Amino acid sequence: MSELSPETIVVSAGRPSAEPDAPLNMPIVPASSFRAGGPMEYAREAAPTSLALEEALGALEGGLATVFSSGMGAANAAMDLVPMGAGVVAPSAAYTGVAVRLRELHALGRIDLRIVEADDAAAIAAACQGAHLLWLESPTNPLMQLADLPAAITAAHAAGARVLVDNTFATPILQRPLDLGADIVLHSVTKAISGHSDLLLGALVTRDEDLAHQCQVRRVLLGAAPSAFDCFLALRGMRTLAIRVERAQRNAQAICARLASHPQVDRVRYPGWGTMASIDVVGGAAAADAVCERVRVWTYATSLGGVESLLERRRRWPLESTTVPESLIRLSFGIEAEIDLWADLDAALRG
Ligand SMILES: Cc1ncc(COP(=O)(O)O)c(C=O)c1O
């Protein structure tokens, strides 16, 4: 059979084998240890529920997946694969946790960090010379810059660098970086893939068997193992990923089009696709904070990718990049009715 579509993979992948009386869903198996002689042995190495989630995520991104206890757990595992002192190229406003951790590792002399703008293909190509790893997000969080992924990946490979793409914002429904030549895909499974703001999980996905093995060894040694309950919830949430993304993207497209001519909005940052956007509001940080406090249908909270629409002023976090404007509000579009989301946001903007 030819490869299935993502809409079908999210529904069908990671199920127990098709035998009479087999459950349709992989059960939660709460065990840390397994009888000797099989492939599992100990839950930091492998466990039934996380293996099912890995099978599903691997099918979805087109590679071999390793699941971690959070997106940052996966990110740290990927950073741990960089040789001592090697060059890492990363965007100026990557996700805050990633950016802060990369700066820490640079300060310790562990890596040689080179900062670029994600949408500057020439700068990326130059910075990749002699580097070990190009770390990309596209769109970036929260400036919504787009990287030219095929160009950046080609340039990095020509320079001998490996490419990691954090695909959390785009989701594998809208973008599959391994198909574009990337070596590793990172996910905060906490976000759209699980989709209900009720767990923390992360994943690394690669087509390279040796690299996949190294990712799994990092999980074992760093201890960032996922819980069976969270893996079960993530699988359950993933079943509706395609329709959630479709609906949330429709909300984002319609509302961003209306925000473009809103008198209280200086700038809409939306690439035209996806479920995330940012707006720079008129009146600076205080005005942006007031908008976040006034919403009733939207929720003022951090994170993204859930069924519920969330918003926050990103610079309220002290470690957020100073390239992010004080007046920027990040919008995570959920699946509510567009008319209600618009009315609430419009009223909050107008005060
Ligand atoms: C783009 C991106 N990557 C990685 C992470 C980290 O994931 P987690 O919060 O699951 O550790 C986040 C979290 O917000 C994110 O937005």
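This is a predicted model: local features need pLDDT of at least 70, side-chain atom pairs count only at pLDDT 80 or more; totals for chains, interfaces and linings use all residues.
**Cavities and ligand site**

Six nonpolar, five polar and one charged residues make up the lining of the largest cavity. In total, four cavities of 30 Å³ or more are counted.

The residues that line the largest cavity come from several parts of the sequence listing: Ala192, then Arg244, Val245 and Ala248, then Thr275, then Gly305, Gly306 and Val307, and finally Ser332, Phe333, Gly334 and Ile335. Helix α10, which spans residues 241-259, gives the largest share of this lining, with three residues.

Around the ligand are Ser70, Gly71, Met72, Tyr95, Asn141, Asp166, Thr168, Ser188, Thr190, Lys191, Leu201 and Leu304. Sorted by class, this shell holds four nonpolar, six polar and two charged residues.

At glycine 71 the backbone takes part, with an N or O atom 2.9 Å from an oxygen atom of the ligand. At serine 188 the side chain takes part, and one of its N or O atoms is 2.8 Å from a ligand oxygen atom. The side chain of threonine 190 likewise has an N or O atom, at 2.6 Å from an oxygen atom of the ligand. The ligand taken alone exposes 390 Å², and the protein buries 91% of that area.

Key: Residues are numbered from 1 along each chain as its sequence is written. Side-chain values use heavy atoms; hydrogens and water are left out. On a 1 Å grid over the protein atoms alone, a cavity is a set of points where a 1.4 Å probe fits but cannot get out, and a pocket is an open set with protein on both sides within 12 Å along at least five of seven lines; lining residues have an atom within 4 Å of a point. Grid points are joined across faces, edges and corners, and a volume is the space filled by probe spheres set on the points. Helices (H or I, at least four residues) and strands (E, at least two) are DSSP runs, numbered from the N terminus. Ala, Val, Leu, Ile, Met, Phe, Trp, Tyr, Cys and Pro count as nonpolar, Asp, Glu, Lys and Arg as charged, and the others, Gly among them, as polar. A residue is near a molecule or strand if one of its heavy atoms lies within 4 Å of it. A polar contact is a pair of N or O atoms within 3.5 Å; within protein, one must be able to donate a hydrogen and the other to accept it, and residues adjacent in sequence count only if both atoms are side-chain atoms. Accessible areas come from the Shrake-Rupley method with a 1.4 Å probe; for residues, only the protein chains shown count as cover.
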